[in-house]
Amino acid sequence: MTRSVAVILKGYPRLSETFIAEEIHALERSGVAVTLFSLRLPTERQIHPVHEAISAPVVYLPEYLYRQPLRVLRAWWKARRRPHYRRARQVWRRDLRRDLNANRIRRFGQAMVLAAELPAGVDLLYAHFLHTPASVARYAAALLDLPWSCSAHAKDIWTIPDWEKREKLGDCRWLTTCTRANFDHLRALAADPAKVALNYHGLDVSRFAAAATAYSNRDGADAANPVQILSVGRAVAKKGYDGLLAALADLPPDLHWEFTHIGGGPLLADLKRQAAELGIGERVTWRGAQAQSAVLACCQCADFFALNCRITADGDRDGLPNVLVEAQGCGLAVVATELSGIPELIEHGGNGLLVAPDDHRALTAALHRLITGPPLRQRLGSAGRSVVLKRFDRDRNFVPLHRMVIGDGAGAAAGSTGITLDHNPRHREKTAEDHRNDDLQGHA
């Protein structure tokens with residue numbers, strides 16, 4: 001039985017990866033000893049409340065090997081004396097021949113440091129993301145002759161070659177992913193499909209219930225009281241913010257709305273210029289990266305939420321963006337694209353509106369429907385919140401992952417566990433009566 005886990009992350013802490021922090025916190029509360037290994041130093045000053053609640057120590061591996069040569073040299077000197085060093089090096093060199101670049105070299109160096117500095121008693125290496133963190137976990141596991149597992153999400157699945165996915169699926173003990181689309185794709189590549197498990201991310205429904213939006217009658221007719229549109233996401237190509245801005249600009253000029261964007265990202269300056277060029281710059285507020293408390297406050301003031309995800313030229317795409325689950329957890333109506341795992345959360349016309357990716361006219365029409373339709377917003381928002389409460393409760397969705405971690409096998413998800421997150425009644429599994437009461441409180 002697994003008692004101690006090393007979690008390998010691309011970066012920690014990250015505002016955009018709340019779902020990972022929630023999972024780490026849940027592992028700690030379940031009694032598993034956790035040590036975090038991050039491939040990168042943090043780049044954001046703000047953190048979420050859940051990051052403050054995590055007590056696990058964090059080890060930052062050398063982001064660039066040349067910056068910490070003595071640390072890497074000591075790790076190599078220790079690694080080469082291990083009985084499994086030759087096997088681990090063979091695995092890495094086979095990868096390097098097919099993917100010859102400095103990044104692949106860096107991953108083996110990081111794996112040696114991880115192996116050298118791993119606390120005694122760790123039973124399992126667990127990587128979040130199938131690309132670089134899984135490579136480091138795989139090489140370190142080979143060095144140490146330890147099992148390793150992985151959680152796969154979005155870009156990490158769709159931007160690496162199939163040969164790499166197949167070999168990692170063959171080597172890992174189990175892999176979990178967060179959407180049916182990901183699940184079907186990875187199972188088709190796995191020699192042993194039973195290794196792959198589907199487990200949706202969850203959120204603290206009690207926290208989001210407290211931030212439920214107050215529905216308004218704003219319909220875009222009053223210039224003094226414009227409809228409030230919110231979006232949360234990094235300013236990167238796959239989020240499609242250029243298309244969303246263009247769709248907003250095509251709305252009738254006598255329709256009154258304001259758009260708030262939360263998130264950082266490399267395209268932020270370009271988007272600000274685009275908004276100005278489209279003549280909607282004064283209607284757009286750019287909040288930058290924000291902690292979850294600020295996001296929740298914006299959800300309470302918004303009328304609906306918009307996200308325009310797309311597939312980029314290199315295959316990158318979202319899985320099931322957690323911001324959609326969070327927005328619906330607050331009771332917000334949502335318009336999004338019919339892509340990847342999004343239809344697994346949103347049923348068009350039932351608990352949200354879906355449009356095809358890059359369908360500019362359809363997106364403009366959907367925005368118009370929500371701006372001018374307060375009753376539609378309330379119906380979709382209420383239905384969306386009900387779906388989240390039933391299917392995306394953090395503590396309920398954590399149970400199968402916990403079984404996999406402590407049982408160290410995908411088949412463990414079908415077993416039973418004596419998991420107790422803590423003694424706070426808030427963390428018990430919710431009953432149907434609890435959900436009905438939440439609904440009444442959230443929409444009173």
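Visitor: How many residues does the largest nonpolar core have, and which of them have the most contacts inside it?

Guide: Please keep in mind that this is a predicted model. Its largest nonpolar core has 60 residues, and F305 and L367 are those with the most contacts inside that core.

Visitor: With which residues is F305 in contact, leaving aside its neighbours within four places in sequence?

Guide: F305 is in contact with L230, S231 and V232, with V323, L324 and A327, and with L332, A333, V334 and V335. A second, separate core has 48 residues, including F37, A75, V136 and A142.

Visitor: Let us turn to aromatic pairs. How many are found in the whole structure?

Guide: The search finds six. One of the aromatic pairs is formed by F108 and Y139, with 5.9 Å centre to centre and 65° between the planes. An angle over 60 degrees counts as edge-to-face, so the pair of F108 and Y139 is edge-to-face.

Visitor: Which parts does the pair of F108 and Y139 tie together?

Guide: F108 lies in helix α5 (residues 102-117) and Y139 in helix α6 (residues 132-144), so the pair links parts that are 31 residues apart in sequence. F108, Y139 and W92 form one aromatic cluster.

Visitor: Is F108 buried or exposed, and is Y139 buried or exposed?

Guide: Buried means under 20% relative accessible area. F108 has a relative accessible area of 5% and is therefore buried; Y139, with 0%, is also buried.

Visitor: How should I read a glycine in a loop, and where does G220 lie?

Guide: G220 lies in the loop between α10 (205-209) and β8 (227-232). Its relative accessibility is 1%, so G220 counts as buried. Not counting residues up to four places away in sequence, G220 touches V227, D254, L255, H256 and I371. The C-alpha atoms of G220 and P374 are separated by 9.8 Å, although these residues are 154 residues apart along the chain.

Visitor: Which residues line the second largest cavity?

Guide: Among them are T18, F19, E22, H201, G202 and Q292. About 90 Å³ of space lies in the second largest cavity. Its lining divides into four nonpolar, five polar and three charged residues.

Visitor: Finally, what is the volume of the largest pocket, and which residues are the closest to its centre?

Guide: The largest pocket has a volume of about 1,300 Å³. Of the 49 residues lining this pocket, S16, E17, R234, K238 and K239 are the closest to its centre. The elements α1, α13 (292-301) and α14 give two or more residues to the lining of the largest pocket, and the largest share, three residues, comes from α14. The classes in this lining are 18 nonpolar, 17 polar and 14 charged residues.

Definitions and conventions
Residues are numbered from 1 along each chain as its sequence is written. This is a predicted model: local features need pLDDT of at least 70, side-chain atom pairs count only at pLDDT 80 or more; totals for chains, interfaces and linings use all residues. Side-chain values use heavy atoms; hydrogens and water are left out. A nonpolar core is a set of buried Ala, Val, Leu, Ile, Met, Phe, Trp, Tyr and Cys residues joined through side-chain atoms within 4.5 Å. Buried means under 20% relative accessible area, exposed over 50%, partly exposed in between (1.4 Å probe, protein chains only). Contact means heavy atoms within 4.5 Å. On a 1 Å grid over the protein atoms alone, a cavity is a set of points where a 1.4 Å probe fits but cannot get out, and a pocket is an open set with protein on both sides within 12 Å along at least five of seven lines; lining residues have an atom within 4 Å of a point. Grid points are joined across faces, edges and corners, and a volume is the space filled by probe spheres set on the points. Ala, Val, Leu, Ile, Met, Phe, Trp, Tyr, Cys and Pro count as nonpolar, Asp, Glu, Lys and Arg as charged, and the others, Gly among them, as polar. Rings of Phe, Tyr and Trp (its six-membered ring) pair if their centres lie within 6.5 Å; planes under 30 degrees apart count as stacked, over 60 as edge-to-face and the rest as tilted. Helices (H or I, at least four residues) and strands (E, at least two) are DSSP runs, numbered from the N terminus.
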